[in-house]
Amino acid sequence: MYYSYVPSFREQQPRVMTVTGTAAISVEPDIVMIELEVVTQNESLTMAQQENAQKINQVMQALLQFGIPRENIQTATYNIYPRYDYVDGKQVFRGYEVTHALTVKMDEGGQVGKIIDAAVQNGVNRVSAIEFTVADKQHYYQQALSAALRDATAKAQTIAETMELNLDAKPLKIVEEMNESPATHKAFATMEENTSTTIEPGQIKIMANVRTKFQFFA
């Protein structure tokens with residue numbers, strides 16, 4: 001008489017599969033960062049600086065009138081450059097250029113275009129960056145991380161069912177793969193003559209990735 005022996009679940013040789021999980025959550029931005037620049041030029045460095053300082057003060061007063069806290073208006077850069085023209089192959093000194101850039105942080109309340117218009121009317125002649133983000137990034141990242149783990153588990157279960165494997169649904173190892181890109185979204189201003197500036201913030205995607213190891217039995 002012959003007997004066949006089928007090893008039990010625990011007696012089978014365990015093996016390991018590695019599965020990655022990804023998830024993204026779309027979030028409406030609630031914070032906006034704008035970089036506004038005042039650029040002045042003059043043959044006299046002193047005059048260029050004075051004109052620049054006067055315009056920067058006007059810009060700051062305009063921003064404060066919108067209710068932006070003073071601590072949210074900070075100098076990003078302040079640069080002085082000599083300027084030259086080339087005439088008949090020779091370098092001719094033209095004067096100085098002074099650039100003062102302000103970084104402005106504010107709540108995203110639909111007033112970004114109006115604030116840019118007010119800043120331009122008071123002396124800003126360059127808007128170098130508009131960046132939207134969220135105040136509580138960690139809250140949304142935790143949601144994305146949880147979804148990424150569920151995604152990895154679902155993939156492992158699909159593989160096991162397809163290959164007719166016995167899967168231990170509890171991961172042996174979970175590695176969080178950090179996403180280096182910040183949760184921000186850059187936007188651009190569109191401006192037409194005799195119209196106000198329009199800003200389209202869009203949505204921010206917050207990503208999470210995990211690498212997991214699951215034990216299965218063939």
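Colleague: Which residues do ring pairs link into a cluster?
Modeller: This is a predicted model, where local features need pLDDT of at least 70, side-chain atom pairs count only at pLDDT 80 or more, and totals for chains, interfaces and linings use all residues. Residues are numbered from 1 along each chain as its sequence is written, and side-chain values use heavy atoms, with hydrogens and water left out. Rings of Phe, Tyr and Trp (its six-membered ring) pair if their centres lie within 6.5 Å; planes under 30 degrees apart are stacked, over 60 edge-to-face and the rest tilted. The cluster linked by such pairs is Tyr84, Phe93 and Tyr96.

Colleague: What is the geometry of the pair formed by Phe93 and Tyr96?
Modeller: The structure holds 2 aromatic pairs. In one of them, Tyr84 and Phe93 lie 5.7 Å centre to centre with 70° between the planes. The ring centres of Phe93 and Tyr96 are 5.2 Å apart and their planes stand at 70°, so this pair is edge-to-face.

Colleague: Which residue just after helix 2 takes a positive phi?
Modeller: Among the buried residues of helix 2 are Ile115 and Ile116. Just after this helix, a phi of about 130° belongs to Gly123.

Definitions and conventions. Buried < 20%, exposed > 50% of the residue type's maximum accessible area, 1.4 Å probe, protein only. Helix = DSSP H or I, 4+ residues; strand = E, 2+ residues; numbered from the N terminus.
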